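Please examine the sequence and the model shown below. The paragraphs that follow lead through some of its charged pairs and one of its helices.

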Amino acid sequence: MDTEIKRAGNTDFKIIHEMAEVVFRETYKTILSAEQMEYMMEWMYSLPNLAKQVAQGHTYYIAWNGDDALGYVSVRKDSMDPDGTEVWHLEKIYVMPSAQGTGLGYKLLETAKQHVRDNKSTAKARIELNVNRNNPAVGFYKKLGLTILRQGDFPIGNGYYMNDYIMGLTV
């Protein structure tokens, strides 16, 4: 598959939203209740909230095959560990169902890693990713070298929680 990964701009929020309508819903259809799904779609993927995320430091990249958007990744600088390791959060990484199994997830992760390398301000950096503990993608991330660092139940509002592993990878 011939893909090109480009940094997303403000005009790409609609495309990210449209992809999420397919891939986020497909990923979590058996994990989240319908009510939590709607809450999270609004919270993470409404056009105003995508704009807010970018204003708060999220950087999105979109994978393209010609005019077809096939996936996206989002990363942001998060914190600094006491040992001087800069922590970046891989906010989102999704591949459209039609492109899964093609290596595109690996390419999107590599794009996020390169973004961190290009933008980190310290010698050491780590990417962390929240992954629902019931998401089969945990195995995919392990294959890519991420390890489970910790787990938790994180309140996201409206009485909902993300029941996640925090996986990490040194960059």
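In this predicted model, Arg126 has a relative accessible area of 16%. Because the limit for a buried residue is under 20%, Arg126 counts as buried. Its partner in a salt bridge is Glu128, with the closest N and O atoms 2.9 Å apart. Glu128 is likewise buried, at a relative accessible area of 4%.

Glu128 also meets the side chain of Arg150 in a salt bridge, at 2.8 Å from N to O. This second pair links distant parts of the chain, since Glu128 belongs to strand 5 (residues 125-132) and Arg150 to strand 6 (residues 147-157), 22 residues apart. Arg150 is partly exposed, with a relative accessible area of 42%. Together with Asp81, the residues Arg126, Glu128 and Arg150 are linked in a network of salt bridges.

A further salt bridge joins Asp153 to Arg133, whose closest N and O atoms are 2.8 Å apart. Asp153 lies in strand 6, while Arg133 lies in the loop between strand 5 and helix 5 (137-143), so this pair ties together parts that are 20 residues apart in sequence. Asp153 is partly exposed at 45% relative accessibility, and Arg133 is partly exposed at 26%. In total, the structure holds 13 salt bridges.

The helix to consider is helix 4 (residues 104-119). Its 16 residues, at 1.5 Å a residue, should span 22 Å, and the end C-alpha atoms are 23 Å apart, which agrees. The buried residues of helix 4 include Leu104, Leu108, Leu109, Ala112 and Val116, and also Lys113 and His115.

Notes: Residues are numbered from 1 along each chain as its sequence is written. This is a predicted model: local features need pLDDT of at least 70, side-chain atom pairs count only at pLDDT 80 or more; totals for chains, interfaces and linings use all residues. Side-chain values use heavy atoms; hydrogens and water are left out. Helices (H or I, at least four residues) and strands (E, at least two) are DSSP runs, numbered from the N terminus. The expected span of a helix is 1.5 Å times one less than its number of residues. Buried means under 20% relative accessible area, exposed over 50%, partly exposed in between (1.4 Å probe, protein chains only). A salt bridge is a side-chain nitrogen of Lys or Arg within 4 Å of a carboxyl oxygen of Asp or Glu.
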